[in-house]
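Look at the sequence and the model, then read on.

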Amino acid sequence: MALTHDEVLAGLAELVTDETGIDASEVQMEKSFTDDLDIDSISMMTIVVNAEEKFGVTIPDDEVKNLKTVADAVNFIVAGQE
Amino acid sequence: MTKRIVVTGIGATSALGGTAPENWTNLLAGQSGTRTLAHEWIEKYQIPVHFAAEAIVRPEEVLPRHEAKRLDPSTQFALIAAREAWEDAGAPDVAPERLGVDWATGIGGVWTLLDAWDTLREKGPRRVMPLTVPMLMPNAGAGNLSLHFNAKAYARTVVSACASSTESIANAYEHLQDGLADVVIAGGAESAIHPITMASFASAQALSRRNDDPATASRPGAIDRDGFVMGEGGAALVLETEEHAAARGAKIYAYVVGGGVTADSYHITGNDPEGAGAARAVEAALAQAGASPDEVAHINAHATSTPVGDPNEYEALKRVFGDRIDEIPVSATKASTGHLLGGTGALEAVYTILALRDRVAPPTINMTEPDPAVPFKLSTSPQPLGDGELLAISNSFGFGGHNAVVAFRSA
């Protein structure tokens with residue numbers, strides 16, 4: 001069964017916390033991964049790979065640069081589940 | 001002109017304790033850090049040696065998870081030991097361009113490398129984490145310490161097996177003498193209690209097989225010693241010019257007064273049985289210290305508890321000290337800590353510094369009957385070192401024919 005946007009956000013926040021130590025409550029839809037959360041490209045790739053496994057989706061390398069905000073990633077993952 | 005170089009901070013994490021003071025207390029109390037391993041891989045891969053001296057405080061108990069997962073365990077130990085030393089030194093206020101790092105490891109990120117190999121085979125290349133290479137590289141310790149402490153003078157790495165972190169301290173001494181920095185974080189760390197290294201050292205007949213009595217397995221100088229015990233952990237020193245330390249009113253543990261680094265060119269794993277290379281390393285350290293062998297009041301020996309290595313070290317030291325070697329209080333602390341490989345020299349440097357401070361040679365446990373071929377003055381209880389200015393050396397020798405010795409004077 002596909003997860004909702006809120007469920008994906010919660011799961012993604014866990015991955016961000018695990019990788020960076022950023023508090024999960026900081027991982028909000030409008031936040032930019034680089035500008036607001038200060039996540040570097042290597043951490044971003046680690047989060048992406050972990051998200052692929054956690055949510056059972058594929059996030060192509062070319063797509064990662066388009067995932068600027070948390071909402072971009074959540075929306076991509078929700079769409080990818082369908 | 002020769003500068004005076006001082007030790008202003010120490011840190012250590014090993015099987016004897018998670019801090020330098022805990023290490024020292026437990027070492028003086030004659031404790032053994034060696035225990036039977038609980039890992040399933042011992043049985044799964046039929047590793048013939050079932051014990052080691054694992055660090056008693058696990059890095060995950062100290063470091064936040066997100067910090068730990070970006071570092072190989074060897075670098076986790078490096079960061080823990082260096083943070084302790086830095087705080088102990090009073091977090092010196094030094095320009096980043098005048099702070100250097102001389103770090104060491106013998107093996108580097110063996111856990112990261114082999115975990116990634118498992119991941120690649122089981123899950124494919126996509127699952128191999130992007131930090132794999134920067135975690136496994138042998139300079140990960142130096143690089144991460146540079147980052148953490150904002151050290152920009154330099155961040156150098158020594159890799160010379162079991163001599164590594166004595167060599168890194170000798171290098172730090174020279175770098176401070178050469179004016180490359182005013183303050184240096186020096187030391188080494190290792191986390192290699194891994195089935196591959198255990199299997200390899202066991203195949204080489206280098207490890208003790210005393211599975212029924214692990215706590216007494218490391219017994220340097222004893223007639224029935226049968227090999228070394230794998231240890232792990234890290235240790236760090238904060239070294240600085242006396243001028244810099246005095247200007248900030250820092251406490252001083254001891255002086256670093258010289259280092260000697262030589263090579264045997266004899267055999268890739270065996271020491272030169274005549275000990276010429278090791279003796280030259282001792283002589284070089286004493287020459288740099290402007291000291292004669294007669295001044296040496298204490299030796300922390302390499303003494304790994306292998307049948308061949310211990311008498312070779314005795315022969316080497318006899319070349320330098322003559323018959324007086326039998327009277328100098330020697331400590332073989334791997335009896336308690338196991339062998340930290342690339343971290344061992346720094347840990348033993350910490351012990352040597354504390355021996356000078358407290359004027360006592362720490363005990364060498366597990367002595368059953370002294371081997372007449374290794375008649376070092378070892379004692380199962382602390383040996384007093386006497387009054388006045390004291391000079392001590394710490395020896396490390398490594399696969400590859402590396403010999404490293406560092407000399408300290410009491411403060």
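B:Ala189 stands opposite B:Gly234, a residue of strand 7 of chain B. Helix 8 (residues 140–149) of chain B packs on the sheet there, touching strand 4 (99–104), strand 5 and strand 6 of chain B. The direction of helix 8 makes about 150° with that of strand 4 of chain B. Such angles run from 0 to 180 degrees between N-to-C directions, and axes are lines fitted to C-alpha atoms, for helices over the stretch in contact. Two residues are in contact if their C-beta atoms, placed from the backbone, lie within 7 Å. Helices (H or I, at least four residues) and strands (E, at least two) are DSSP runs, numbered from the N terminus.

This is a predicted model: local features need pLDDT of at least 70, side-chain atom pairs count only at pLDDT 80 or more, and totals for chains, interfaces and linings use all residues. Residues are numbered from 1 along each chain as its sequence is written, while chains are lettered from A and ligands numbered from 1 in the order in which they are written.

**The sheet of chain B**

In chain B, 10 strands form an open sheet with mixed pairing, in the order 5-4-6-7-1-8-14-13-9-10. Strand 5 (154–158) and strand 10 (330–331) of chain B stand at the edges, each with a single partner strand, so one side of each has no neighbour in the sheet. Two strands pair if DSSP finds at least two bridges between them.

| Partner of strand 7 (chain B) | Sense | Bridges |
|---|---|---|
| Strand 6 (residues 183–190) | antiparallel | 8 bridges |
| Strand 1 (residues 5–13) | antiparallel | 8 bridges |

B:Val183 stands opposite B:Glu240. The bridge partner of B:Ile5 is B:Thr241.

Strand 7 of chain B is mostly covered, with 9 of its 9 residues buried. Buried means that 20 or more other C-beta atoms, placed from the backbone, lie within 10 Å of the residue's own. Both faces are covered: B:Leu237 is among the buried residues on one side, and B:Val238 among those on the other.

**A helix of chain A**

Helix 4 (residues 70–81) of chain A has 12 residues and reaches 17 Å from its first C-alpha to its last, close to the 16 Å expected. The expected span is 1.5 Å times one less than the number of residues. In helix 4 of chain A, A:Val70, A:Ala73, A:Val74, A:Phe76 and A:Ile77 are buried.

**Between the chains**

Finally, 9 residues of chain B are in contact with 8 residues of chain A.

Conventions:
A residue is buried if 20 or more other C-beta atoms lie within 10 Å of its own, exposed if 12 or fewer, and partly exposed in between; C-beta atoms are placed from the backbone.
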